[in-house]
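Here are my notes on this one, in the order I worked through them. Have the viewer open while you read.

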Amino acid sequence: MSLLAIKDLSSSVYDSTTEEESPILDGLNLGIDAGEVHVLMGTNGSGKSTLANVLMGHPLHRVSGGSVTFAGEDLLALPADERARLGLFLAFQYPTAIPGLAVASFLKKAVEAYRGEEISVRAFQKELRAHMTELEIPKSFLSRFINDGFSGGEKKRMEVLQMKLLQPKLAILDETDSGLDIDALKLLFQNIAQSRESHQSLLIITHYERVLDYIEPDAVHIMRAGKIVRSGGLELSRMIHTEGFEAALR
Ligand SMILES: Nc1ncnc2c1ncn2[C@@H]1O[C@H](COP(=O)(O)OP(=O)(O)OP(=O)(O)O)[C@@H](O)[C@H]1O
Ligand SMILES: [Mg+2]
């Protein structure tokens with residue numbers, strides 16, 4: 001049975017400028033099994049981030065049709081926090097800052113909420129330190145506020161740290177690779193690839209082939225106008241890289 005099964009998913013978003021509902025997802029189908037890595041590509045505005053937001057239960061998006069089963073549950077019937085607790089994780093394309101909330105206490109609260117139990121400060125610190133070393137995050141970050149004044153790359157590093165702590169069943173990474181320097185890209189994606197060993201699944205949204213140097217995907221999908229229009233393997237991402245979307249979809 002699939003970990004994630006999306007059937008004919010359609011959605012609309014309330015556009016505050018036109019004051020109308022615009023349809024975005026348009027009958028999207030996707031299945032991801034436990035331990036699989038899927039890559040989602042597609043032109044700007046094709047609906048990739050919208051899919052991630054709809055799956056996480058973002059309040060701006062309204063589901064207008066279809067179904068989503070995740071870990072055996074009707075995902076769309078659950079509030080956003082329960083979706084996260086079920087093991088769904090989203091690393092945002094544009095992580096936001098939360099001034100006033102220190103990194104260490106935010107992460108501890110997030111992990112406790114996810115695991116449904118309190119963790120001693122000492123045990124948490126030990127876990128956190130180990131992951132921070134692997135991600136080469138300086139200790140000084142812990143006392144800073146969430147993403148407040150963090151550079152683009154540092155924010156992404158913090159998201160990967162959160163993912164390593166939570167060990168979700170499925171992590172959706174929305175352009176986690178963009179804006180990273182070459183060394184950071186390698187380090188972060190080598191860390192992300194470790195999740196395969198613990199049978200976690202990944203949905204990697206990206207515009208670039210380079211992340212595939214570090215993670216071998218089980219499938220590559222191309223999205224256009226709110227649905228997946230082509231699925232294949234690495235040859236598909238290579239073709240997009242060399243020829244562009246229009247030629248690859250012809
Ligand atoms: N809150 C919103 N209000 C109005 N339109 C929206 C909203 N969110 C998304 N859209 C529209 O939905 C479409 C899909 O956007 P989405 O962000 O999902 O694209 P994307 O595939 O992630 O693109 P990119 O590659 O540029 O990140 C776009 O036309 C966008 O303008
Ligand atoms: Mg996007």
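1. Strands β11 (residues 219-224) and β12 pair antiparallel over 5 bridges, where pairing takes at least two DSSP bridges between two strands. R224 sits opposite K227 of β12. Strands here are DSSP E runs of at least two residues and helices are H or I runs of at least four, numbered from the N terminus.

2. A word on provenance: this is a predicted model, with local features needing pLDDT of at least 70 and side-chain atom pairs counting only at pLDDT 80 or more, while totals for chains, interfaces and linings use all residues. Residues are numbered from 1 along each chain as its sequence is written, chains are lettered from A and ligands numbered from 1 in the order in which they are written, and side-chain values use heavy atoms, with hydrogens and water left out.

3. Where does the β11/β12 pair belong? Both strands are part of an open sheet of 6 strands, ordered β6-β9-β10-β3-β11-β12, with mixed pairing. Its edges are β6 (88-91) and β12 (227-232), each pairing on one side only. Neighbouring strands are turned by 20° against each other on average, direction ignored. For angles, axes are lines fitted to C-alpha atoms (for helices, over the stretch in contact), and values run from 0 to 180 degrees between N-to-C directions.

4. Two helices deserve a look here. α1 packs on this sheet and touches β3 (37-42), β6, β9 (170-174), β10 (201-205) and β11, its direction making about 140° with that of β6; contact means heavy atoms within 4.5 Å. Helix α7 (residues 234-249) lies across β3, β11 and β12, at about 15° to β11.

5. There is also an open sheet of 4 strands, in the order β2-β1-β4-β5, and its pairing is antiparallel. The edge strands are β2 (20-32) and β5, each with pairing on one side only. β1 and β4 (residues 61-70) are joined by 8 bridges; S11 has V63 as its bridge partner in β4, and L4 has F70. α1 turns up again, lying across β1, β2 and β4 at about 100° to β1.

6. β4 pairs with β5 (residues 73-74) over 2 bridges, antiparallel, and F70 has E73 as its bridge partner in β5. The two strands make a hairpin with 2 residues between them, and A71 in the turn has a positive phi of about 50°.

7. Now the ligand. Which residues come nearest to ligand 1? They are I24, G45, K48, T50 and H207, out of 16 around it, a residue being near if one of its heavy atoms lies within 4 Å. By class the shell has 4 nonpolar, 9 polar and 3 charged residues, with Gly counted as polar. Both β1 (4-15) and α1 (48-56) supply at least two residues of that shell.

8. The backbone does some of the work of approaching ligand 1. A backbone N or O atom lies 2.8 Å from a ligand oxygen at G45, 3.2 Å at S46 and 3.0 Å at G47. Taken alone, ligand 1 exposes 630 Å², of which the protein buries 66% (Shrake-Rupley areas, 1.4 Å probe).

Key: A polar contact is a pair of N or O atoms within 3.5 Å; within protein, one must be able to donate a hydrogen and the other to accept it, and residues adjacent in sequence count only if both atoms are side-chain atoms.
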